[in-house]
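Reader: I am new to this structure and would like to learn how to look at it. Could you walk me through it, one feature at a time?

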Amino acid sequence: MVVESAEETKQWLETVGYYRLSAYWLPFEAPPKPGYARSKAFVEGTTFAQVAELYVFDRRLRVLTLETIERIEVHVRSRWTYYMSHAHGSHAHLDHKLYEGGLNHAEQLVRLARSVEKSEETFILHYKAKYSQPYSPPLWAATELMTFGELSKWVQATKDNSIKSKLGHDLGLPTKEIVESVLQVLAYVRNICAHHGRLWNRRTVKRLPKIKRFKSDLLYAQDARGRQVSDNKIYNVLVVLLHLMERQRTDSSFRDRLLDLLHTQPPENLHSMGFPKDWANRPVWKT
């Protein structure tokens with residue numbers, strides 16, 4: 001590896017760390033010999049500046065993705081709370097009959113009770129000062145204490161399918177199964193971003209579902225049984241975020257900022273994210 005400035009490289013290693021940076025220079029390593037996992041030798045001409053630039057790109061991608069998922073999370077929280085409260089009352093989260101057993105309703109209520117107990121939020125302090133029963137604040141306040149992962153579990157466990165159908169309509173997703181699956185994947189990606197994990201060439205543990213209305217934009221692969229499934233690289237997540245943001249009621253610069261960021265990268269870096277060669281000509285990127 002060509003190190004242009006020893007002092008600048010030392011600062012990178014001290015502030016970011018060798019182990020963390022090493023994930024970004026793996027693509028620059030030469031192919032390993034048979035029987036070896038890594039060559040631990042760089043392709044000739046590799047520079048430390050290339051590694052640093054890739055790291056900065058990933059950091060910017062994480063920040064942009066996290067900001068966008070936050071807007072989707074707030075949207076889901078608002079609509080699910082609205083529909084549940086109107087259909088089943090202000091404290092619908094306390095009625096175990098409204099949820100499937102897979103939620104482990106009692107465990108989630110214990111988690112929520114602990115969050116209420118520890119919270120210093122003004123709206124929680126106000127509730128506890130004014131009311132002694134029920135122990136939990138109303139649903140629209142309680143959901144503000146849930147993580148996106150917890151919220152996705154509550155949505156998935158909701159027995160009232162009409163509520164999930166309405167939520168799907170708001171998001172632009174066709175079925176309750178797709179709503180549930182998309183929220184799970186987005187919660188997973190949100191946690192990667194929030195904990196400063198590598199996003200650039202990540203493969204999600206759970207795949208997004210096949211969404212027919214997004215077919216011309218999504219990328220597909222084959223699983224071990226030869227069945228067509230959604231590719232689990234980050235490209236498909238970005239496609240879904242673009243579609244979901246189109247349903248927001250406020251203007252968003254997400255597409256423009258994302259395109260500006262992507263255009264700073266060479267094709268090989270985009271390929272590592274799952275971007276097909278014709279990605280820029282697919283409908284969602286041109287809207």
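Author: Gladly! Keep in mind that this is a predicted model. Let us begin with Thr 9, which is found in helix H1, residues 6–15.

Reader: Is Thr 9 buried or exposed?

Author: Buried means under 20% relative accessible area. Thr 9 has 10% relative accessibility, so Thr 9 counts as buried.

Reader: Which residues is Thr 9 in contact with, leaving aside its neighbours within four places in sequence?

Author: With those neighbours set aside, Thr 9 is in contact with Val 3 and Phe 48. Phe 48 also belongs to a cluster linked by ring pairs, together with Trp 12, Tyr 24, Tyr 55 and Trp 200.

Reader: How do I read a ring pair?

Author: A pair of aromatic rings is described by the distance of the centres and the angle of the planes. Here the count comes to 15 aromatic pairs. Take Tyr 82 and Tyr 83: their ring centres are 5.6 Å apart and their planes stand at 75 degrees, so this pair is edge-to-face. Tyr 82, at 40% relative accessibility, counts as partly exposed, while Tyr 83, at 13%, counts as buried.

Reader: What about the rings of Tyr 235 and Trp 285?

Author: Those two rings have centres 6.1 Å apart and planes at 25 degrees, so they are stacked. Tyr 235 lies in helix H10 (residues 234–246) and Trp 285 in helix H13 (residues 283–286), so the pair ties together parts that are 50 residues apart in sequence. Tyr 235 is buried, with a relative accessible area of 1%, and Trp 285 is buried too, with 4%.

Reader: Now to charges. How do I read a salt bridge?

Author: Side chains of opposite charge can pair when their charged atoms come close. A search of the whole structure finds 13 salt bridges. In one of them, Arg 77 pairs with Glu 73, and their closest N and O atoms are 2.3 Å apart.

Reader: Where do Arg 77 and Glu 73 lie?

Author: They are four residues apart in helix H3 (residues 48–88), so about one helical turn separates them. Both Arg 77 and Glu 73 are buried.

Reader: Which parts of the chain does the salt bridge of Asp 170 and Arg 79 link?

Author: The side chains of Asp 170 and Arg 79 meet at 3.1 Å, N to O. This pair links distant parts of the chain, with Asp 170 in helix H8 (residues 161–171) and Arg 79 in helix H3, 91 residues apart. Asp 170 counts as buried at 10% relative accessibility, and Arg 79 counts as partly exposed at 23%. Arg 79 also lies over the face of Tyr 82, at 4.8 Å from the ring centre.

Reader: Which residues are linked in a network of salt bridges?

Author: Glu 107, Arg 111 and Glu 150 are linked in such a network.

How values were computed
Residues are numbered from 1 along each chain as its sequence is written. This is a predicted model: local features need pLDDT of at least 70, side-chain atom pairs count only at pLDDT 80 or more; totals for chains, interfaces and linings use all residues. Side-chain values use heavy atoms; hydrogens and water are left out. Rings of Phe, Tyr and Trp (its six-membered ring) pair if their centres lie within 6.5 Å; planes under 30 degrees apart count as stacked, over 60 as edge-to-face and the rest as tilted. Buried means under 20% relative accessible area, exposed over 50%, partly exposed in between (1.4 Å probe, protein chains only). Helices (H or I, at least four residues) and strands (E, at least two) are DSSP runs, numbered from the N terminus. A charge sits over a ring if NZ of Lys or CZ of Arg is within 6 Å of the ring centre and within 35 degrees of the ring normal. Contact means heavy atoms within 4.5 Å. A salt bridge is a side-chain nitrogen of Lys or Arg within 4 Å of a carboxyl oxygen of Asp or Glu.
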